[in-house]
Amino acid sequence: MYYGGMYTASEKRYDAMVYNRAGKSGLKLPAVSLGLWHNFGDTGMYQNMKDICFTAFDNGITHFDLANNYGPKPGSAEKNFGRMLREEFHSYRDELIISTKAGYDMWPGPYGNWGSRKYLLASLDQSLQRLGLEYVDIFYHHRMDPETPLEETMGALAQAVSSGKALYAGLSNYDGPTLEKATAILSELHVPFVINQNRYSIFDREIEQNGLKETARKLGKGLIIFSPLAQGLLTDRYLNGIPADSRIRTDGRFLREDVLNEKRLCQIRTLNDIALSRGQTLAEMALAWILRDSVVTSVLVGASRSSQLLDNIKCLANTTFTEDELSAIDTASL
């Protein structure tokens, strides 16, 4: 909300949002979090970015998820959100959970990628500078590194926390066996590692197959899910084929046109019918399906406009499924 040109958060911002504990930790996250992967880089409109973030916080979304390479160009999402923190959100800092990551290609040369101590700690310093912060709440290693010793990578996360530059450590895109090894190292180092960030959706069950989901449950670590709508497939956008302005046609980085074959279209329509029988949109049901499981702390949604974010929050109205509904969803999607 704006008063005299300045943003003032809604006094009712905590009335409806659900907050879940991250595993067995003391940290709670909103059931719906905002990811700044798309629409927050140099190609986005800054006023629209502000509107989305204001709408998020006004509705109880306290968690804003970034990474060093979010843009385009890399670093620009952190820079734009840092401007918002400085100009609009500074008085609410202690009500916000701000996360960032390092692990993907960020700058030229041998020290701007993967999981070395050199890269992770330098990247965190750069992220803090772009954000204008002394610390982030969660600092993630963004992906497994097959060449760097796990002890080195986990040691870098430990230093990030012990230095006060991060409050909690997180892991992203890990599988179950590597998560278990990483947890053992971090536990020995007394690092507050609380959450895993992984892709998961009705159409993408990899974390069920690689052991990540059950290992997180066993170890008492939270899960925060990205790409819950399968890059838009689990919405009503493609019920009648591919729209002319679809991101499939304008930006092939995330979703290829050949993915949307007749079999997939049939699956989408069947899932949409199940959602309608529940009184939900397909997107609402897809988000609710993820949140039905207590091991999931939060689901990350992206937004290109505020109304889209408000629509996604509606998933919280019904996250309970009957066995028949779950079976029908599996039959339609697997």
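User: Is glutamate 262 buried or exposed?

Analyst: Happy to start there, with a note that this is a predicted model: local features need pLDDT of at least 70, side-chain atom pairs count only at pLDDT 80 or more, and totals for chains, interfaces and linings use all residues. Residues are numbered from 1 along each chain as its sequence is written, and side-chain values use heavy atoms, leaving out hydrogens and water. Buried means under 20% relative accessible area, exposed over 50% and partly exposed in between, with a 1.4 Å probe and protein chains only. Because its relative accessible area is 53%, glutamate 262 is exposed.

User: Which residue forms a salt bridge with glutamate 262?

Analyst: A salt bridge here is a side-chain nitrogen of Lys or Arg within 4 Å of a carboxyl oxygen of Asp or Glu. The closest N and O atoms are 3.4 Å apart, and the partner of glutamate 262 is arginine 269.

User: Which residue in strand 9 stands opposite histidine 141?

Analyst: Strand 8 (residues 136-141) and strand 9 (residues 166-172) run parallel, joined by five bridges. Two strands pair if DSSP finds at least two bridges between them. Opposite histidine 141 stands leucine 171.

Terms used:
Helices (H or I, at least four residues) and strands (E, at least two) are DSSP runs, numbered from the N terminus.
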